[in-house]
Amino acid sequence: MDDPIGTTVNGERCSLPGGASVLLIDALREGLGLLGPKKSCELSVCGSCTVLIDNEPYSSCMTLAQEATGREVTTVEGFGRRGELSDVQQAFIEAGAIQCGFCTPGFVTAVHALLDRHPNPDRATIQRYLAGNICRCTGYAPMLEAVERVRDRRLAAAEAGLEQVR
Amino acid sequence: MTGGEAFGDLRAKVTGAAVFASDSRFPGMLHGALVRSDVAHGLIVALDTAEAEAMPGVTCVLTPDDFDGIDPFYGELVLDQPMLAIDRVRYVGEPIAAVVARTRREAVEAARLVQATIEPLPPLFNSDEAMGAGAERLHPNGAGAPADVPNICRESRLAQGDVDAALAAAAYVHHAVYECPPVYHYAMEPHCSLASWEADGLHVISGTQQPFRVRDTLARMFAVPTSRVRVRAPYVGGAFGSKGEAKYEPVVAAMARKAGRPVQLLCSVEESVHTVTRHGCRVEMWTGLDSSNTIVARRSDVTFDTGAYSDKGPRIAHRGAHRVTGPYRIANYEATSRAVFTNTVPAGAFRGFSTSQVLWASESAMDEIARHVGEDPLEFRRRHLLREGEPYLGFDAPVDADLGSDLDEAARLVGSATPSSPDTGTGLAIGVKDGGGGAARAAAHLRIHPDGSVEVHAGAAELGQGAQRVLARVAAEGLGVEVSRVEVRLGDTATAPFDRGTNASRTTVGVGMAVAKAAASARVALKVAWLADGGAKGSLRLDGADLVAGEDRRPMVDVLARGSGLPAREFPGLAVTGTHTDTQEEGSDFFPTLFYEVCATGVRVHVDRETGEIRVEHLASVVEAGHVLDEAGGHGQNVGAAMMGLGTSLTEELVYSQGELINANLIEYRVPTIAELPPGGITSVLVENAEGPGPGGAKGIGEAGIIAVAPALANAVEDAVGVRLRRLPLHPEAVWRALNQTAGSSPDERGR
């Protein structure tokens, strides 16, 4: 059964395959060809399949496509504009936070959600928020550095914007 | 850490555009699922596939009856593993049949309907049972094994001097047993392979570290010419040893052959754990000291539980004998190392290839002995460490690093002085592993196109270790062009020259040198053509599509074409092949080491006496890199390996109950998360002495950072609270029991 209501995926209106048994990750990967979200643990532990639904992170491997119906879904492909990387993506490259790359889409997605909810996170907040995303390659130190870079840049930019207003 | 740049794989990976095997598709592709044994050891008396075959969407079910024209056995040195069990199963999880269906879900559901009748045989759950008198033999004994002890897959012995006499005369003999359980790699991408039989032969896409070995294995098993097998390794979602040699490629090729359609097999994590593990290991060690507290003898007896099939077990046991004694001056030593067949998941390569397990023993023992004689563990090590230039074990290549200064640096970073807070301590360990994996030839094709852009083809695989970026830098530096002008294409047997595989930290050295030589040949060829064309003398460089020397600028293709008699429009640019042979003698049992991977690990821990929890406050990992080609990538390997070592030392353990793995999932098998990052961080130091055999004096460093972590932790725990732990992982419960002196559960009681 196709989605009659209409869902937004990465800013575009589209139909997700519905039905009681279609997982969101399969709807995205097989139905829409969005291969960014990855299948690893299939138990909602590793975070490789993380997507945003209305700006909240979800494990798409344990979420039914139905749950996303009529809502706004964002995958890693939805960050950045017209070939430009998002600030988080840019920081991941700068900090060396990418090795095999299999966890990267989910991690980038989770970091966007983290900074959306906590614009000025301390280290403990970052560690708590990202504990649902496993990376076996990097040892996480570069991820932490990437998040702190984006946080500081966004705060500096906001400060500069405030200065202009004054 | 300084920043990585957005070239090579990074941009594709960060945007979700990078394609892995699990993202790959063949047109018209079907999906596979394996039927696995739920019996550890038994005879297959019947296999009923009728119900599965009748399911909607199911194309066929593959069984050993379909092996007409196929040699179903594979392995690294010993071809003892069948793609599907034939008559006899040897571990829980062993594939016994395979379903091909329209979707993965249909295949998985139909696989549950295949009825296997298996008559149980007595199972051998651990190496003691397997070596026991009268134990049923799972396979014939392998090389070096005593005939009268059953189930020895391989036994190797390495000795010098007279250990018996030296131990008998010793003033003090330290004797201890060290154990570590099997653990799992957990590369993020589970095993995934695709196969398609086409007019020009067999095409395979697979998350593999060794595409050429897989190609050659498939050609042999399916009796097709090598020229008709093409294997491609796209971006591989991590490997750490778990994706070497053939794994599921043979069975997928057989499924596709029977179905007459391309097939993809994507394993679950649980299935991947049931594919290959890191060997559980037991080391018994005797170390003798003379009256001046100098080590005069060491005897090591190492037993690796290698599981149901050989896989890489024989070489792991063999190398274990070389690595267990440690980088010390010990006149009399003897090391015996064996791999033993049991009815458990086959064990194979894992980052370090036996080194982590055997160093767990020898570097723990060094601290224990130092404490016994009342000497600082660092000073005690320093007195015995091999100096730069001394031969390892008395016969191998000279040590190519200053090991003592590496330890000093690690100690300085974590603060070796008496800790100020109670229950806090520091620990050190040093690891040395022969790198490069033995004699090998590496090659790379390099093309300079008419527009001046550069393309490199090599047979290594990109596992996340950064081969693509390192090789791009080597080519760019060699040619004097911007790195953004270089495209490195890896892991395709149809386009790349032969490569033995991406393992043993060998790519930067071997393939790196091949690329460097290709770039050097290209430069010479351009210079010769330039001078023949009457170009100006002086330093020649490639600038876009032009060759330039001083004020003289000419299109490269014009220069090359004028010498060839072809019109420039017909000229394809320049193509060269670089080859590099590691200078090692073949045929010797223990070949001379090409370079040593060296890591000094220091940790500072706090131990909670109430709970037994070990809190790692800071870790320092000092690695000999020779020459750093990619700074972010180099530190990334070091920090990532150290963190993996924290996992395999503190929480990770595959637990068997009656031969069945009971925690083959990420909920019960805990790998480190970002929450486990030490508050003081992981300090990575890459020492550059330019003594490596790779480009600019580089060494491989992929394995170094993990090998010394476990003993450094146990040494720190003793420093903090005075208890000694000799079994991994260092669970809070084990620490608590040691602190409270209650009897711990023995390994047998832990459900092996």
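Modeller: Domain bounds here come from an automatic or database domain assignment, and the model to which they are applied is a predicted one.

Biologist: Which domains does the assignment give for chain B?

Modeller: Chain B is divided into domain 1 (29-121 + 188-238 + 242-273), domain 2 (277-437 + 589-740) and domain 3 (441-581).

Biologist: How many residues of domain 1 of chain B are in contact with domain 3 of chain B?

Modeller: Although the C-alpha centres of these two domains of chain B lie 39 Å apart, 15 residues of domain 1 of chain B are in contact with 15 residues of domain 3 of chain B. On the domain 1 side, α6 (211-221) and β13 (229-232) of chain B each supply at least two residues, and the largest share, four residues, comes from α6(B). By class, that side of domain 1 of chain B has six nonpolar, five polar and four charged residues.

Biologist: How should I read a sheet, and what is the strand order in the open sheet of five strands in chain B?

Modeller: Strands of a sheet pair through backbone hydrogen bonds, either parallel or antiparallel. In chain B the order is β9-β18-β17-β16-β10, with mixed pairing. Because β9 (152-160) and β10 (172-180) of chain B each have a single partner strand, they stand at the edges, with one side of each left without a neighbour in the sheet. From one strand to the next, the twist averages 5°.

Biologist: How many bridges join β17 to β18 in chain B?

Modeller: Ten bridges join β17 (residues 295-307) of chain B to β18 (residues 332-341) of chain B, and these strands run parallel; T303(B) stands opposite R338(B) in β18(B).

Biologist: Which strands does helix α9 of chain B lie across?

Modeller: Helix α9 (residues 313-323) of chain B lies across β9, β17 and β18 of chain B, and runs at about 20° to β9(B).

Key. Residues numbered from 1 in each chain as written. Chains lettered and ligands numbered in written order. Predicted model: local features only at pLDDT ≥ 70, side-chain atom pairs only at ≥ 80, totals over all residues. Pairing = 2+ DSSP bridges. Axes fitted to C-alpha atoms, helices over the stretch in contact; angles between N-to-C directions. Contact = placed C-beta atoms within 7 Å. Nonpolar A, V, L, I, M, F, W, Y, C, P; charged D, E, K, R; others polar.
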